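Please look over the sequence and the structure shown below. The briefing that follows takes up a few single residues and then the ligand.

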Amino acid sequence: MKNIVLFGPPGAGKGTQSAFLVEKFGFVHLSTGDIFRSNIKNATELGTLAKSYMDQGKLVPDSVTIDMLKSEWSKHSHAMGFLFDGFPRTKAQAEALDDILEEAGHQISAMIGLEVPDAELSIRLLERGKTSGRPDDANPQVIAQRVAVYHKETAPVQDYYQAQGKYKAISGVGSISDIATSLEQTIQTL
Ligand code: ADP
């Protein structure tokens, strides 16, 4: 079983590339952002809580996010492999994910980071905001906040996997299909 963490700042292209990787490798795709948005759409208690953080560009608290991820993960115990997208976003989440997988006799195969310069991210997110309907993409201040939170709280997660020899970087700048090919080649070597 391959368990991949797809990593990168907001706007790096994780969602776009996930769709391709799911098709190619048959992963179960667990995107915490998508799960929160679906809870917001269905007006659940979790959705209301998550929205109050997401609209400000802040992270949803670890305890809430970890419990949710664990519950989603356990629904797919017979999966061939998982693609984690937008999770883990803090060191505490990374440790929790290791514990969840270890209990079931599994582990993370690799974290693959899509690397994109900050200036390019803001442009992409504002552009996405024109059509995505996501309030967090429509406001330049919220975008700046998300990129800042990424550098402060999420970037250390890269070090966490790097220390285990599991971090692999890919350039997230270029055509969608070239980036997809690099990802595919990287995953095939795992
Ligand atoms: P992006 O990568 O473009 O920021 P996501 O859909 O991954 O988009 O995340 C949107 C928002 O959802 C984040 O800004 C954050 O508020 C919340 N969120 C998503 N994943 C997590 C997580 N693992 N931990 C805490 N908050 C999260």
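Gly174 belongs to the loop that runs between strand 5 (167-171) and helix 9 (176-188). The model is predicted.

**Gly174**
- Is Gly174 buried or exposed? Its relative accessibility is 54%, and exposed means over 50%, so Gly174 counts as exposed.
- Between the C-alpha atoms of Gly174 and Glu45 there are 40 Å, and the two residues are 129 residues apart along the chain.

**Asp55**
- Asp55 is also a loop residue, placed between helix 3 (45-54) and helix 4 (62-74).
- Asp55 has a relative accessibility of 32%. Buried means under 20% and exposed means over 50%, so a residue at 32% counts as partly exposed.
- Along the chain, Asp55 and Gly174 are 119 residues apart, and their C-alpha atoms are separated by 29 Å.

**Pro140**
- Pro140 is part of helix 8, which covers residues 140-162.
- Pro140 counts as exposed because its relative accessibility is 54%, the cut-off for exposed being over 50%.
- Pro140 and Ala50 are 90 residues apart along the chain, with 20 Å between their C-alpha atoms.

**The shell around the ligand**
- There are 20 residues around the ligand, and those that come nearest are Thr32, Arg37, Lys58, Gly86 and Gln93.
- Which helix gives the most residues to the shell around the ligand? Helix 2 (residues 32-41) does, with 4 residues.
- By type, the shell is made up of 8 charged, 6 polar and 6 nonpolar residues.

- Thr32 has a polar side-chain atom 2.8 Å from a nitrogen atom of the ligand.
- For Gln93, a polar side-chain atom is 2.9 Å from a nitrogen atom of the ligand.
- In the side chain of Arg134, an N or O atom is 3.1 Å from an oxygen atom of the ligand.
- The ligand taken alone exposes 540 Å², and the protein buries 97% of that area.
- The largest pocket is the space that the ligand takes.

Notes:
Residues are numbered from 1 along each chain as its sequence is written. This is a predicted model: local features need pLDDT of at least 70, side-chain atom pairs count only at pLDDT 80 or more; totals for chains, interfaces and linings use all residues. Side-chain values use heavy atoms; hydrogens and water are left out. A residue is near a molecule or strand if one of its heavy atoms lies within 4 Å of it. A polar contact is a pair of N or O atoms within 3.5 Å; within protein, one must be able to donate a hydrogen and the other to accept it, and residues adjacent in sequence count only if both atoms are side-chain atoms. Accessible areas come from the Shrake-Rupley method with a 1.4 Å probe; for residues, only the protein chains shown count as cover. On a 1 Å grid over the protein atoms alone, a cavity is a set of points where a 1.4 Å probe fits but cannot get out, and a pocket is an open set with protein on both sides within 12 Å along at least five of seven lines; lining residues have an atom within 4 Å of a point. A molecule sits in a cavity or pocket if more than half of its atoms lie within 2 Å of its grid points. Helices (H or I, at least four residues) and strands (E, at least two) are DSSP runs, numbered from the N terminus. Ala, Val, Leu, Ile, Met, Phe, Trp, Tyr, Cys and Pro count as nonpolar, Asp, Glu, Lys and Arg as charged, and the others, Gly among them, as polar. Buried means under 20% relative accessible area, exposed over 50%, partly exposed in between (1.4 Å probe, protein chains only).
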